[in-house]
Amino acid sequence: MDQASLARRIEGSLIDGTLAIIDMLNRLEPAVKRAAKTVGGGVAIAGGPGSPLSLVVGLGLHRSFTEEDMDAIEIFDETYGAGLSIRTTPFTQDRVERLASERGYRLEERIAVWYLSLTDWRSAWDRPDERVRPAGTDEEVMWAMVVEQG
């Protein structure tokens, strides 16, 4: 799989998962203003006030990103007061970041996603390691605490 296809797949999974969470939250708390809008070949998602789910992803992966797309994102953000984070990929960031910069936006961070081709990969389970084993049912509380604390 080429890298652009992989980026589309990763961003698509993020979009699908976030939309499913938004749908569930809308059913649980219908009074909170949440929405999603297709824009710029991606999706703008308003997850509610202060929500980390308020983001724009997939921009420019399926078609060119335009100034009209930037207008639509800003209108959507103003409508929902979402405080959107705009995510880019190495395949789209130049155009998206240039248009955003021209409007006064500033880059907050860059995130890299590493991937591993599974063609030649061998599972760690193929090489026994006495330090690694499935958690027992009597260890559920401890396991939950470890995961919670990172």
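Four strands form an open sheet in the order 1-2-3-4, with mixed pairing; strands here are DSSP E runs of at least two residues and helices are H or I runs of at least four, both numbered from the N terminus, and two strands pair if DSSP finds at least two bridges between them. The edge strands, each pairing on one side only, are strand 1 (35-39) and strand 4 (85-86). This is a predicted model, in which local features need pLDDT of at least 70, side-chain atom pairs count only at pLDDT 80 or more, and totals for chains, interfaces and linings use all residues. Residues are numbered from 1 along each chain as its sequence is written, and side-chain values use heavy atoms, with hydrogens and water left out.

Let's look at strand 1 again: five bridges join strand 1 to strand 2 (residues 42-46) in the antiparallel sense. Thr38 has Val43 of strand 2 as its bridge partner. Helix 1 (residues 3-28) packs on the sheet, touching strand 1, strand 2 and strand 3 (55-57), where contact means heavy atoms within 4.5 Å. The direction of helix 1 makes about 30° with that of strand 2; axes are lines fitted to C-alpha atoms, for helices over the stretch in contact, and angles run from 0 to 180 degrees between N-to-C directions.

Now follow helix 1 itself. At its start, a side-chain oxygen of Asp2 comes to within 3.1 Å of the backbone nitrogen of Ala4. Buried residues (under 20% relative accessible area, 1.4 Å probe, protein chains only) of helix 1 include Glu11, Ile15, Thr18 and Ile22. Strand 2 and strand 3 are among what covers the buried residues of helix 1. An α-helix has 3.6 residues a turn, so residues three or four places apart point the same way.

Terms used
Buried means under 20% relative accessible area, exposed over 50%, partly exposed in between (1.4 Å probe, protein chains only). A polar contact is a pair of N or O atoms within 3.5 Å; within protein, one must be able to donate a hydrogen and the other to accept it, and residues adjacent in sequence count only if both atoms are side-chain atoms.
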